[in-house]
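I opened this entry to look up how the chain packs. My notes follow in the order I took them.

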Amino acid sequence: MAREESTPPIAAKLKVFISYSRRNLEFADRLVLALEANGIEVLIDRRDLPDLEDWRRELLGFIKAADTVVFIISPDSIASPVCAWEIDQMATLNKRLAPVVFVPVENDRIPEAITRINYLHFSTPNDFGTQIRRLVVALETDATWLKEHSRLTALA
């Protein structure tokens, strides 16, 4: 009997959840497109939430499924109760956080879970391409470990 050759498994895409204020929707959409163009799977509420479902339960599922939570920093997101809830969930689940600055905010107004992480600054409009490249490289660092962490968290 001839031995069947197996094909190597296809690596799962890195998956991120975008936490943002709806007032920063245009920037969030630009970020989503750029990340997807770089082969990263993106979960974002306004596109991926099913109709007529418990939105908090669904968002929690997105956070659990994500390898990293990308948090868009702006005065609007820092003031948002929903964004604060998402950050609390991310911290509870010990998810990797990638804070990106869209509009600068004083650090004393930003939750400690966010200020511990070195930010990427997208606040200079002409620097978007450079910052996306930096974000993608950072997101892909230790991607295998991150996917395994997400898988184990989902099992728990």
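**Cores**

I began with the largest nonpolar core, which has 24 residues; the members that touch the most others are Ile 18, Leu 31, Leu 35, Val 100, Phe 122, Leu 135 and Leu 139. Strand 1 (15-19), helix 1, strand 3 (68-73), strand 4 (96-101) and helix 7 supply at least two residues each. Helix 1 gives the most, with six residues. I also found a second, separate core of 22 residues. Phe 62, Met 90, Leu 93 and Val 105 are among its members.

I note here that this is a predicted model.

**Whole chain**

I counted elements next. The protein chain has eight helices and five strands. Read from the N terminus, they run β-α-β-α-α-β-α-α-β-α-β-α-α. The chain has 156 residues, and 42% of them count as buried. I then checked sequence separation in the contacts. Taking contacts between residues at least 6 apart in sequence, 70% join residues at least 24 apart.

**Helix 1 against helix 7**

I wanted the geometry of this pair. Two packed helices are described by the angle between their axes and the distance between the axes. Helix 1 covers residues 25-37 and helix 7 covers residues 128-140; they pack at about 60°, with axes 11 Å apart. That angle makes helix 1 oblique to helix 7. Their crossing is right-handed.

Which residues of helix 1 and helix 7 meet? From helix 1 I listed Phe 27, Arg 30, Leu 31, Ala 34 and Leu 35. From helix 7 I listed Phe 128, Ile 132, Leu 135, Val 136 and Leu 139. By class, this contact of helix 1 with helix 7 holds nine nonpolar residues, no polar ones and one charged residue.

Is Gln 131 buried or exposed? Gln 131 counts as buried because its relative accessibility is 3%, and the cut-off for buried is under 20%. Leaving aside neighbours within four places in sequence, Gln 131 contacts Leu 120, His 121 and Phe 122.

**Helix 3 against helix 5**

I repeated the check for a second pair. Helix 3 and helix 5 (residues 81-92) pack at an angle of about 45°, and their axes lie 10 Å apart. Helix 3 and helix 5 are therefore oblique to each other. Helix 3 passes helix 5 in a right-handed crossing. Helix 3 brings Trp 55, Arg 56, Leu 59, Leu 60 and Ile 63 to the contact. Helix 5 brings Val 82, Trp 85, Glu 86, Gln 89 and Met 90. By class, I noted seven nonpolar, one polar and two charged residues in the contact of helix 3 with helix 5. Met 90 belongs to the second core.

Leu 60 is in helix 3, residues 55-65. Leu 60 counts as partly exposed because its relative accessibility is 22%. Not counting residues up to four places away in sequence, Leu 60 touches Trp 85, Gln 89 and Leu 93. Leu 60 and Leu 93 are 33 residues apart in sequence and 9.8 Å apart, C-alpha to C-alpha. Leu 93 is listed in the second core.

**Loop residues**

I checked backbone phi in the loops. Leu 52 is not a glycine, yet its phi is positive, about 60°. Leu 52 lies in the loop between helix 2 (45-48) and helix 3. At 89% relative accessibility, Leu 52 counts as exposed.

Asn 94 also has a positive phi, near 60°, and is a residue other than glycine. I placed Asn 94 in the loop between helix 5 and strand 4. Its relative accessible area is 57%, so Asn 94 is exposed.

Where is Pro 125? Pro 125 sits in the loop between strand 5 (120-121) and helix 7. Pro 125 counts as exposed, at 62% relative accessibility. I took one distance: Pro 125 and Phe 102 are 9.2 Å apart in space, C-alpha to C-alpha, and 23 residues apart in sequence.

Technical notes. Residues numbered from 1 in each chain as written. Predicted model: local features only at pLDDT ≥ 70, side-chain atom pairs only at ≥ 80, totals over all residues. Heavy atoms only, no water. Axes fitted to C-alpha atoms, helices over the stretch in contact; angles between N-to-C directions. Helix = DSSP H or I, 4+ residues; strand = E, 2+ residues; numbered from the N terminus. Parallel < 35°, antiparallel > 145°, perpendicular 65-115°, else oblique. Left-handed = near helix turned anticlockwise from the far one by under 90°. Contact = heavy atoms within 4.5 Å. Nonpolar A, V, L, I, M, F, W, Y, C, P; charged D, E, K, R; others polar. Buried < 20%, exposed > 50% of the residue type's maximum accessible area, 1.4 Å probe, protein only. Core = buried A, V, L, I, M, F, W, Y, C linked by side-chain atoms within 4.5 Å.
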